[in-house]
Amino acid sequence: MAKVYYDSDIQDEVLRNKKIAIIGYGSQGHAHAQNLRESGFDVVVGLRKGKSWEQAEQDGFAVKSVKEASEEADVIMVLLPDERQTQVYKEEIEPVLYPGKAIAFAHGFNVHFNQIVPPENVDVFLVAPKGPGHLVRRTYVEGAGVPALIGIYQDVTGEAKDVALAYSKGIGGSRAGVLETTFKEETETDLFGEQAVLCGGLTSLIKAGFETLTEAGYQPEVAYFECLHEMKLIVDLVYEGGLKGMRYSISDTAQWGDFVSGPRVVNEDTKKRMGELLKEIQSGQFAKGWVLENQANRPVFNAINASENQHPIEVVGEELRKLMPFVKKEKKEEEVAAYA
Ligand code: NDP
Ligand code: MG
Ligand code: MG
């Protein structure tokens, strides 16, 4: 089994005498900054003037421009949206990325696909929490943590891995477990997971089920509960006890249907198409499309987003959720929307 690092495996002195710049104060940024500070590390936040700047100041941080924060820091963690990183890096980070410093990321996309090419005389590493930023914060406060991956792309000081481990401990990652990976593996598996399973696979499965039922004349409210609302209840059981644990709780009728019908919906053909997605990720074809889409100001993204937001499942869902006050709308939506 792969080596999993926990708190007691990690010496964090190496990061104690360093200043950490957290660039960006969004989903991941606010969580890293606050967790590191509470773990006793020296944090400065780098931003442009705006909403996040005000928030970070309210939360008691020293906030500076990206360039100033990067200049005075030893470790620069880039937590801007992936599609913004290249430009901000070129203009404000690269000019002050002096030899011996470290630049770090929470996702390998830009480095792996050569959108950012750091100089050869700095450390480059990855600390990627495997969960939404708001949970990185919430679980830390609760005394727990979100598992994280670390990866070393360049190690010129000889201490890149120790710094990455110390950082992952500082944000609470090693309370849950830290695994070592590479930029390539993290980037490709992260993109694949969100496309084929977690986000794309899930939303397509939910919509296909909902549409099949409503097109056959069943009530949209019933279809919503069946295909969307109950998803969480089932996934919670899977999360706690694996597939077996979930199957223990459902009826034998449901389990029989799971065995004989599930593989008819998601089958060898589905896997073949998952393989195609993976190839497009590995070849850089997906990355190229996303980079170009952003350069064109997102015409396709915006069009699909507008039509998805009007899907009948969203219309009925909005009404039904109003009647379920225990579904804490604001908090959940903020956390879920922030998960990339
Ligand atoms: P967010 O979109 O939540 O954060 C954006 C932050 O960047 C905001 O504080 C925003 O400030 C700031 N920002 C945007 N543009 C600029 C700019 N030009 N100059 C200065 N600041 C700017 O990002 P995420 O936290 O979602 O993602 C950060 C990284 O973490 C990405 O690499 C992502 O892949 C990775 N990641 C994210 C996960 C998640 O849970 N979301 C999970 C794992 C990894 P303003 O208010 O001024 O717009
Ligand atoms: Mg991910
Ligand atoms: Mg991702």
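The legends below describe several close-up views of a predicted model. In this model, local features need pLDDT of at least 70 and side-chain atom pairs count only at pLDDT 80 or more, while totals for chains, interfaces and linings use all residues. Residues are numbered from 1 along each chain as its sequence is written, and chains are lettered from A and ligands numbered from 1 in the order in which they are written.

**View 1. The shell of residues around ligand 1.** There are 27 residues around the ligand, and Gly24, Gly26, Gln28, Ser52 and His107 come nearest. A residue is near a molecule if its C-beta atom, placed from the backbone, lies within 6 Å of it. The shell divides into 14 nonpolar residues, 9 polar and 4 charged. Here Ala, Val, Leu, Ile, Met, Phe, Trp, Tyr, Cys and Pro count as nonpolar, Asp, Glu, Lys and Arg as charged, and the others, Gly among them, as polar. At least two shell residues come from each of helix H2 (27-38), helix H3 (51-58), helix H5 (82-93) and strand E7 (123-129). Helices (H or I, at least four residues) and strands (E, at least two) are DSSP runs, numbered from the N terminus.

**View 2. Serine 27 and glutamine 28 in helix H2.** UniProt, in an unreviewed entry, places the feature "binding site" at Tyr25, Gly26, Ser27, Gln28, Arg48, Ser52 and Gly133. UniProt positions are given in the numbering used here, feature names are shortened, and annotations may be inferred rather than shown by experiment. Serine 27 is buried because 23 other C-beta atoms lie within 10 Å. Glutamine 28 is also buried, with 28 C-beta neighbours inside 10 Å. A residue is buried if 20 or more other C-beta atoms lie within 10 Å of its own, exposed if 12 or fewer, and partly exposed in between, with C-beta atoms placed from the backbone. Leaving out residues up to four places away in sequence, glutamine 28 touches Leu79, Ala106, Gly133 and Val136. Two residues are in contact if their C-beta atoms, placed from the backbone, lie within 7 Å.

**View 3. Asparagine 114 in a loop.** The loop runs between helix H6 (109-112) and E7. Asparagine 114 is not a glycine, yet its phi is positive, about 60 degrees. Most residues other than glycine have a negative phi. Asparagine 114 is exposed, as 10 other C-beta atoms lie within 10 Å.

**View 4. Arginine 298 in a loop.** Helix H15 (285-295) and helix H16 (299-308) lie on either side of this loop. Arginine 298 has a positive phi, near 60 degrees. With 14 other C-beta atoms within 10 Å, arginine 298 is partly exposed.
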